[in-house]
Amino acid sequence: LPKGSFFKSYLGNFGRGSPEEEFPDLARNATWMGRILTPAMYRRQFNRCTDSGVIFDDVIRVGDVSGPVSVGCLAGDAQSYILFCDFFDRVIEAYHGHKISSQTPESDFNYDNLKGGDDLDRSYAVSCEVSVVRGIEDFSFPTHCSRGERRQLLTLARTALQQLQEELPGRLLPVEELTLDQQRELMLTPPSCVQLRTGVARDWPDARAVWVSTDGSLVVLVNLEDHLKLVSTQDDANIAKAFQSVCVNLLKLEALYKKLRHPFIWKQQLGWVASSPAAVGTGLKTSVLLRLQHLPQHRRLQDVLKRLRIRMDKTGNQETHSLLFIYFYNAATFGPSEVALTQLVVDGVKLLIAMEKRLECDGGIDDLVPTQK
């Protein structure tokens, strides 16, 4: 029997009730999973199991502890997106606002196609960060990853990053060897309740590592929330420079992993996939930290952000009672290309700054409100 069939049979014989008995309570679940999952859909997925042993309950386990704009689910492996497509496709389409079709998702890593991004007004733009996540073929995702798999992933990363160092010097730092001060300096936080519950932080900090370039232009996280996450941060809010760093080094790592016979995971209709449906397509997040006083209180801000396809997160830091620091970032990763998504953030942030300036002079912003992107 295939491995998945064995697990399905095993689980069916030990303590599992019927689909009706096992259906989760979604009464107070505001995630996309909670909105989309029905008893009929649950029943269809109930006895399915991937070759690595992922069942549908593993996928939806995170739902009741995720935020209101969260997908509320995580894939246990790449096959989950295929086997449970009846569920995942609907979550992906709802979250990203883009229909899945037979066409291959567009991809564009040519950073020269980005217009602007190096000219944000520094009176408002504090810093920026561009990140991208990738899953590695032949390995389960973090929620379902075994110790052995995780250690193999670290070995692969060490080999690939050693070769990357020939062009971009840096060093690999195992998390278990870092002091708390060093972890804070690298912006590493202890595992959250969600990560502990879902298994993402299982055996922490075993086989987790951070690679840091000598010039500080790039950080690569290994086995944290995803197999790989590349991050470039710019304290001068130069999005163009951060985007270029990620694009150049991601393509180099992609080639190195192919040589190691463990390419990044790509699905024909979804593009690049990782553990979260919120990251399918490009896996890209472009974030800008703005210092604002008037716009956060404006009645039309949420409408403007929806039209721009941008989300916001308040940091909790503020210089005065009214001056806020807020992160703005792309709402979706699926549909537009990498350049197009970053362009949305560049153009959107410039518009938000223009609105803040208008409000500083007691002017209105209705004529600046864009049409739906």
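**Legends to close-up views**

**View 1. Leu172 is part of strand E2, which covers residues 170-174.** Helices (H or I, at least four residues) and strands (E, at least two) are DSSP runs, numbered from the N terminus. The model is predicted, so that local features need pLDDT of at least 70 and side-chain atom pairs count only at pLDDT 80 or more, whereas totals for chains, interfaces and linings use all residues. Residues are numbered from 1 along each chain as its sequence is written, and side-chain values use heavy atoms, with hydrogens and water left out. Leaving aside residues up to four places away in sequence, Leu172 touches Leu154, Arg158, Leu161, Gln165, Ala209, Val210 and Trp211; contact means heavy atoms within 4.5 Å. Between the C-alpha atoms of Leu172 and Asp121 there are 35 Å, with the two residues 51 residues apart along the chain.

**View 2. Helix H8 (residues 147-164) packs with helix H11 (residues 239-259) at an angle of about 125 degrees.** The axes of H8 and H11 are 10 Å apart; axes are lines fitted to C-alpha atoms, for helices over the stretch in contact, and angles run from 0 to 180 degrees between N-to-C directions. H8 and H11 are therefore oblique to each other (under 35 degrees is roughly parallel, over 145 roughly antiparallel, 65 to 115 roughly perpendicular, the rest oblique). From H8, the residues Leu156, Ala157, Ala160, Leu161, Gln163 and Leu164 meet Asn249, Lys252, Leu253, Leu256, Tyr257 and Lys259 of H11. This contact of H8 with H11 comprises eight nonpolar, two polar and two charged residues (Ala, Val, Leu, Ile, Met, Phe, Trp, Tyr, Cys and Pro are nonpolar, Asp, Glu, Lys and Arg charged, the others, Gly among them, polar).

**View 3. Helix H12 (residues 301-308) and helix H13 (residues 338-360) pack at about 155 degrees.** Their axes lie 10 Å apart, and H12 and H13 are therefore roughly antiparallel to each other. The crossing of H12 and H13 is right-handed. H12 contributes Leu301, Val304, Leu305 and Leu308 to the contact, and H13 contributes Leu344, Gly348, Leu351, Leu352 and Met355. By class, the contact of H12 with H13 holds eight nonpolar residues, one polar residue and no charged residues.

View 4. The peptide bond joining Trp204 and Pro205 is cis, with omega about 5 degrees.

**View 5. The protein chain is divided into domain 1 (7-96) and domain 2 (111-361).** These bounds come from an automatic or database domain assignment. The C-alpha centres of domain 1 and domain 2 are 26 Å apart. In their contact, domain 1 supplies 22 residues and domain 2 supplies 25 residues.

**View 6. The protein chain has an average pLDDT of 91.** pLDDT is the predictor's confidence in each residue, from 0 to 100. A score of at least 70 is reached by 92% of the residues. Over residues 1-13, pLDDT stays under 50, and the model has 12 contacts beyond four places in sequence for this stretch. Residues 64-68 also stay under 50, with 10 contacts beyond four places in sequence.

Terms used:
A crossing is left-handed if the near helix is turned anticlockwise from the far one by less than a right angle, and right-handed if clockwise.
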